[in-house]
Amino acid sequence: MAKVQNISEIHPTLGFTEFDVLEKYRKSFHESELGRLHSVFPFERMAKAAGLSRQHPGRRKIFSPSAKIALMVLKAYTGFSDRQLVEHLNGNIHYQMFCGIMIDPTSPITNFKIVSAIRNEIASRLDIDTLQEVLASHWKPYLDNLHVCMTDATCYESHLRFPTDMKLLWESIEWLYRHICGHCRELGIRRPRNKYADVSESYLSYCKKRKRKVSRTRMLKRRMIRLLEKLLIQRDEIHREYGASLRYTKDYRKRLSIIRKVLVQEKEMFEGRKFSDRIVSIDRHYIRPIVRGKETKSVEFGAKVNNIQIDGISFIEHLSFNAFNEGIRLKDCIRMQQKLMSVRVRCVAADSIYANKANRKFCTKYGISTSFVRKGRAARDEPLRKVLRCELSRERATRLEGSFGTQKQHYSLSRIKARNRKTEILWIFFGIHTANAVLMIDKIRNRTVKAA
């Protein structure tokens, strides 16, 4: 185990002249952006809200509950991989101060997988609503215009190859054939006969072609569907006869069930029928295609998130890996902001997709001004309303949509490299709120200057 200590434990026991150097490091940390970022987060309250406890059986942990939250923020802020993050943590004293630990240079942390273990631990306990309430209560005194609600949805893409039917079928065939060969080798029996070698050669030839005829694509797809169906039958026959001698892991059973669903879906599509919940990745079977209708990218693959923004600070209102219509969630956005800020919403800025009849009635009933284009006859104060609508639309287009680009470009949310559903949600949560915290640094500084 690495010799790591909490700074609070060693602070009063250092009795050598280098203590002055440590104090200088501490002072420079508080004056740096990293130190100001640390002061923005209520790490202790967040760790408590997440259910992370100091009481645990076994040997002493390297990271305290609040240090685990700080490590996730540090990863989102730096954009490092797990290995790079551990390497910089060993050599950068400011990073260690950010996490509240002190690492002995002669005994650095060598297991970079500790970051993944912490990420999985927090992801299994993550409650977005509870943690956002903690952050909102901590940041509320420094926010202005609490009565203005801005909302929009975006897709945070996952890091995966662009899915096609051929790729999905071939991955399924390759995985299944490899495991059938492994079962036969383990049992000492002959491998069942199939057309794997022929289909493999045809698929390789197909991949090398720049232009692929529709007729050839359809012919190869039919062969791959038949081969996958036969491999599943052969695997089931081996299981029926020798199942007691084989050991199946949980991941093996899970992937096998996904491949069965892929086969059913591909047969349906080949016959020209439509279905819902299309699988686009065997590794991340929870991801669905999100049709966005953009010029450069008509379909995206990842989590669709409906965000609200209060004075430039974004909060997650709804997150789903399935496509949903954000236009029906305006009432939920308003209620969420009123719950977080304890202030009645008076103005709403949203895209045209939110301007449906139900939302218009709701806003009219509660006296909420919107950025929606007016329907019907103009009122007496129409020039004033038009000015308000233009201002709300401009703020939403610049601040809210601009925040999406900032999060994706600078806080590791452009293509998320998480390996399962829970950690991907955690990745999105810390990316969004780390971007918020950087904005909060200036807000807190400006408020302090005004108060002085």
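**Close-up 1. Trp-170 and Tyr-196 are both buried.** This view, like the others here, comes from a predicted model. The two rings have their centres 5.6 Å apart and their planes at 15 degrees, so Trp-170 and Tyr-196 count as a stacked pair. Look for Trp-170 in helix H10 (residues 165-187) and for Tyr-196 in helix H11 (residues 196-208); the pair therefore ties together parts that are 26 residues apart in sequence.

**Close-up 2. Tyr-196 also forms a stacked aromatic pair with Tyr-177.** Here the rings are 3.8 Å apart from centre to centre, with 5 degrees between the planes. Tyr-177 belongs to helix H10 and Tyr-196 to helix H11, so this pair ties together parts that are 19 residues apart in sequence. Tyr-177 has a relative accessibility of 19% and so counts as buried, given that the cut-off for buried is under 20%. Tyr-196, at 14% relative accessibility, counts as buried too.

**Close-up 3. Four aromatic residues come together in one cluster.** The members to pick out are Phe-41, Phe-43, Phe-98 and Trp-139.

**Close-up 4. The charged end of Lys-408 sits over the ring of Tyr-156.** The distance to the centre of the Tyr-156 ring is 5.5 Å.

**Close-up 5. Lys-304 lies over the face of Phe-324.** In this view, Lys-304 is placed at 4.9 Å from the centre of the Phe-324 ring.

**Close-up 6. The largest cavity has a volume of about 100 Å³.** The count of cavities of 30 Å³ or more comes to 1. To find your way around the lining, start with Met-72, Lys-75, Ala-76 and Arg-119, then go on to Tyr-411, Ser-412, Leu-426, Trp-427, Phe-430 and Gly-431. Helix H5 (65-78) and helix H17 (421-451) are the elements that give two or more residues to this lining. Helix H17 gives the most, with 4 residues.

Close-up 7. Sorted by class, the lining of the largest cavity has 6 nonpolar, 2 polar and 2 charged residues.

Notes
Residues numbered from 1 in each chain as written. Predicted model: local features only at pLDDT ≥ 70, side-chain atom pairs only at ≥ 80, totals over all residues. Heavy atoms only, no water. 1 Å grid on protein atoms, 1.4 Å probe; cavity = no way out; pocket = protein on both sides within 12 Å on 5 of 7 lines; lining within 4 Å. Points joined across faces, edges and corners; volume = space filled by probe spheres on them. Nonpolar A, V, L, I, M, F, W, Y, C, P; charged D, E, K, R; others polar. Phe/Tyr/Trp six-rings, centres within 6.5 Å; stacked < 30°, edge-to-face > 60°. Buried < 20%, exposed > 50% of the residue type's maximum accessible area, 1.4 Å probe, protein only. Lys NZ or Arg CZ within 6 Å of the ring centre and 35° of its normal.
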